[in-house]
Amino acid sequence: MLQLESLSASYRGLKALQGISLTVNAGEIVTVVGANGAGKSTLLKSIAGQVAIEGAIRFDGEDISGLASHKIARLGINLVPEGRRLFPRLTVNDNLRLGAYAKRGDPDRFKPLDLVFDLFPRLGERLKQRAGTLSGGEQQMLAIGRALMTQPRLLMLDEPSQGIMPRLVDDIFAAVVRIRALGVTILLVEQRLSEALSIADRAYVLQTGRVVMSGTAAEIAADESVRKAYLGV
Amino acid sequence: MTAELILQTLLSGLLMGLIYALVAAGLSLIFGLMDVVNFAHGELLMVAMFATLVLHNLLGLDPLLLLPIVAVLLFGVGMAIYRLLIARALSVTFNTGMVQIFVTFGLAIFIRGAAQFFFGGEFRSINNSWLANKTVALAGIYIPLPQLAASVVCLLAFALLLAISKTEFGRALEATREDREAVGLIGIDRDRIFAIGWGMGAAAVGVAGVMLANFYYISPQVGANFALIAYVTVALGGFGSLGGALIAGIVIGEVEALSALVLEPSLKQVGMFAIYLAVLMFRPRGLFGRL
């Protein structure tokens, strides 16, 4: 579904990605792990069209490199960004509905709301609340919900567990598994190695902007050097 | 000083203040949306006034009938300014602040020069409009009809802007204002939103220009003074606040009218600039501004 071919990108003057090649097949959960500053976020931003890149990004075989980010989003690639980037002064309801804004004219565009409330019942209870007043976990749920409103085919999540109470982290990961079961392909960037590997099919290990290892999630999880480098055990 | 005189002054301050408010609303809308100060805002007002004058002379239509035409025209001008100039200024990677200031500043000088070239510098006016020189008398107070109509139209324009902000497009506008990167991630074309925002800001000042053309002199320089007042109004009301622009516009109108009454007409702007200094010193974000 998604192929990166020797992708390079600079971020704030630094070479953040160097010759990354990566594949995501339809229906998979693929995770990209690596230490802070390895280029994980830049990788997702590059695919979402937020960072200037060299190399090719193919989605369903079409080269999408250089497209504006809203066009990439309309193709069905959606990024839940680091820091969530909600619209804090707008209500939960408005944030969700804006996810379907690009589909104006489609009478069924608010249909994914049912799915969102099913996944995250808390959001349904806080519809009138401003997004900025939600807790970290609720904000993450809203960010994922807003992305689901765009009806993505490839959902990219950047550190969904960041800044969230441990109890809610499991809920978020469980939601990711359920979203995949609905046919949405997932590309997950995470610092929490073991949780990410436990739900992923395949994994890539990133180090200073390069892929240093890739394989099935089980292979990566079993690899001593990865555990040493990123778990400190 | 009679009670009638004071009432008369307060009323004319209110009527003028509503026009200031709409001019300021256009400026505030653009600034709030994308943090770009439109230094050519007064020139857009002047363009609207000349457009009204030219179309009035050409087609023989009354300014009131020209209102929708000029509003749409200015909407197009605003969108064109964004697409041709501002979008490019936003995409530069160095000295962004300077570029954004000088692009609209240069545009202002260009528009003023072009008006001077085509129309000359003399003052013009529209004397044979439906409303010209008509007044209504109310309990001893005389209300000039053109001013009254202008303030009513400005209030209606405010109501329209408020109604737009409640629509789905209004939400997208607010979302773009809050996070211009994040809207792209959910498929919203922020360039389109910005362009429409410029269109709306220019149309707002365009509406004010048409109504002003009914009773105010028209010259290439006319915009400068209104722009200055608009900056004061926006600073008082708070950048990006629609309600703030409305209230601040009325306050500025009243302060101007009362300054002229209490001091003397030539000092009528002293009061409003004193307010501006006070705002800068004590409440830089304005009455209703967002931090």
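Modeller: Let's start with one pair: Gln207(A) stands opposite Arg210(A) in S10(A). Strand S9 (residues 202-207) of chain A and S10(A) pair in the antiparallel sense over 6 bridges. Here two strands pair if DSSP finds at least two bridges between them, and helices (H or I, at least four residues) and strands (E, at least two) are DSSP runs, numbered from the N terminus. This is a predicted model: local features need pLDDT of at least 70, side-chain atom pairs count only at pLDDT 80 or more, and totals for chains, interfaces and linings use all residues. Residues are numbered from 1 along each chain as its sequence is written, while chains are lettered from A and ligands numbered from 1 in the order in which they are written.

Zooming out, the sheet is open, with 6 strands in the order S6-S7-S8-S3-S9-S10 (chain A) and mixed pairing. S6 and strand S10 (210-216) of chain A are the edges, each pairing on one side only. On average, neighbouring strands are turned by 15° against each other, direction ignored; axes are lines fitted to C-alpha atoms, for helices over the stretch in contact, and angles run from 0 to 180 degrees between N-to-C directions.

Then there's helix H7 (residues 166-181) of chain A, which packs on the sheet and touches strand S3 (29-34), strand S7 (154-158) and strand S8 (185-190) of chain A. Contact means that the C-beta atoms of two residues, placed from the backbone, lie within 7 Å. The direction of H7 makes about 155° with that of S8(A).
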